[in-house]
Amino acid sequence: MARSVLTAVNGTTLVGLGIAVLTGAKVRRGPGGILVAEGYRRKMPPATCFTVGSVIITRRTAEWLLHESRAELLAHESRHAGQYAVLGPLFWPAYWAFCGYSWAVTGTYGARNAFERHAGLERGGYRAAPLRPALQRFRRSAATKSPRPPSGSPSAG
């Protein structure tokens with residue numbers, strides 16, 4: 001419940017509720033102070049669910065999200081609410097910076113995004129992705145070039 005208080009105080013839950021109201025989503029109470037806004041109809045973002053403050057916004061129904069078979073997805077989205085509690089509005093630029101980093105190194109927005117990894121990639125429907133081929137080659141090249149110890153050091157041969 002501290003998470004809900006913090007997201008209310010830092011204003012991010014108010015933004016989530018505003019998105020819900022402006023898009024015609026219906027808000028329902030969920031577990032642990034989470035609010036579920038069901039019936040989101042906009043094209044962006046393309047995800048089935050996304051979180052703003054302590055509001056999980058979904059294209060589906062609240063019953064769909066709260067069904068026991070989706071407990072992992074609910075846990076993933078709830079973890080994002082905790083991230084909002086800590087960062088408040090700073091979550092947005094930080095999240096998008098990590099999306100950019102992840103895209104730059106893997107070609108996906110989530111695989112190397114620290115927020116998605118912290119929330120559990122697989123629980124949120126994300127897959128791990130390898131580094132882009134050029135970065136893999138660079139990493140292998142750097143790993144094979146081990147520095148030589150200075151002459152006269154105990155490990156110098």
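Biologist: In which helix is Thr13 found, and why does Thr13 count as buried?

Modeller: In this predicted model, Thr13 is found in helix H2, which covers residues 12–22. Its relative accessibility is 10%, and buried means under 20%, so Thr13 counts as buried.

Biologist: What does Thr13 touch, leaving out residues up to four places away in sequence?

Modeller: Thr13 touches Thr7, Ala8, Leu35, Val52, Gly53, Ser54 and Val55. With Thr7, the side chain of Thr13 also makes a polar contact of 2.8 Å; the cut-off for such a pair of N or O atoms is within 3.5 Å. As for Ala81, it stands 68 residues from Thr13 in sequence, while the two C-alpha atoms are 8.9 Å apart in space.

Biologist: What makes Leu6 partly exposed?

Modeller: Leu6 lies in helix H1, residues 2–9, and has a relative accessible area of 44%. Because buried means under 20% and exposed means over 50%, with partly exposed in between, Leu6 is called partly exposed. Its C-alpha is 41 Å from that of Gln136, a residue 130 places away in sequence.

Biologist: Now to the strands: how do you know that E1 and E2 pair, and in which sense do they run, parallel or antiparallel?

Modeller: Two strands pair if there are at least two bridges between them, and four bridges join E1, residues 26–29, to E2, where the two run antiparallel. E1 and E2 form a hairpin with five residues between them, and Gly32 in the turn has a positive phi of about 60°.

Biologist: In what sense do E2 and E4 pair, and over how many bridges?

Modeller: E2 and E4, the latter covering residues 55–58, pair in the parallel sense over four bridges, and here Val36 stands opposite Ile56 in E4.

Biologist: What is the order of the strands in the sheet, and why does one side of E1 and of E3 lack a neighbour there?

Modeller: The four strands form an open sheet in the order E1-E2-E4-E3, and the pairing is mixed. E1 and E3, the latter spanning 49–52, stand at the edges, where each has a single partner strand, so one side of each is left without a neighbour in the sheet. From one strand to the next, the twist averages 25°.

Biologist: What tells you that both faces of E2 are covered?

Modeller: In a regular strand the side chains alternate between the two faces of the sheet. In E2, residues 35–38, Leu35 and Ala37 are on one side and Val36 and Glu38 on the other, and all of these are buried.

Biologist: Why is Glu38 called buried, and what lies 2.6 Å from a polar atom of its side chain?

Modeller: The relative accessible area of Glu38 is 13%, and since buried means under 20%, Glu38 is called buried. The backbone nitrogen of Ala62 lies 2.6 Å from a polar atom of the Glu38 side chain. Leaving out residues up to four places away in sequence, Glu38 touches a set of residues that includes Lys26, Arg28, Thr58 and Ala62.

Biologist: Where does helix H4 lie, and how does its reach compare with the expected span?

Modeller: H4, residues 71–87, lies across E3 and E4, running at about 25° to E3. With 17 residues, H4 reaches 24 Å from its first C-alpha to its last, close to the 24 Å expected at 1.5 Å a residue. Among its buried residues are Leu73, Leu74, Ala81 and Tyr84. Just after H4, Gly88 takes a positive phi of about 60°.

Biologist: Finally, how does the radius of gyration of the protein chain compare with that of a compact globule of 157 residues?

Modeller: A compact globule of 157 residues would have a radius of gyration near 15 Å, whereas the protein chain has 21 Å. The C-alpha atoms fill a box of roughly 70 × 30 × 30 Å along the principal axes. The chain comes to seven helices and four strands, and 36% of its 157 residues count as buried.

Terms used
Residues numbered from 1 in each chain as written. Predicted model: local features only at pLDDT ≥ 70, side-chain atom pairs only at ≥ 80, totals over all residues. Heavy atoms only, no water. Buried < 20%, exposed > 50% of the residue type's maximum accessible area, 1.4 Å probe, protein only. Axes fitted to C-alpha atoms, helices over the stretch in contact; angles between N-to-C directions. Contact = heavy atoms within 4.5 Å. Polar contact = N/O pair within 3.5 Å; in protein donor to acceptor, adjacent residues only side chain to side chain. Expected span 1.5 Å × (residues − 1). Rg over C-alpha atoms; globule rule 2.2 N^0.38 Å.
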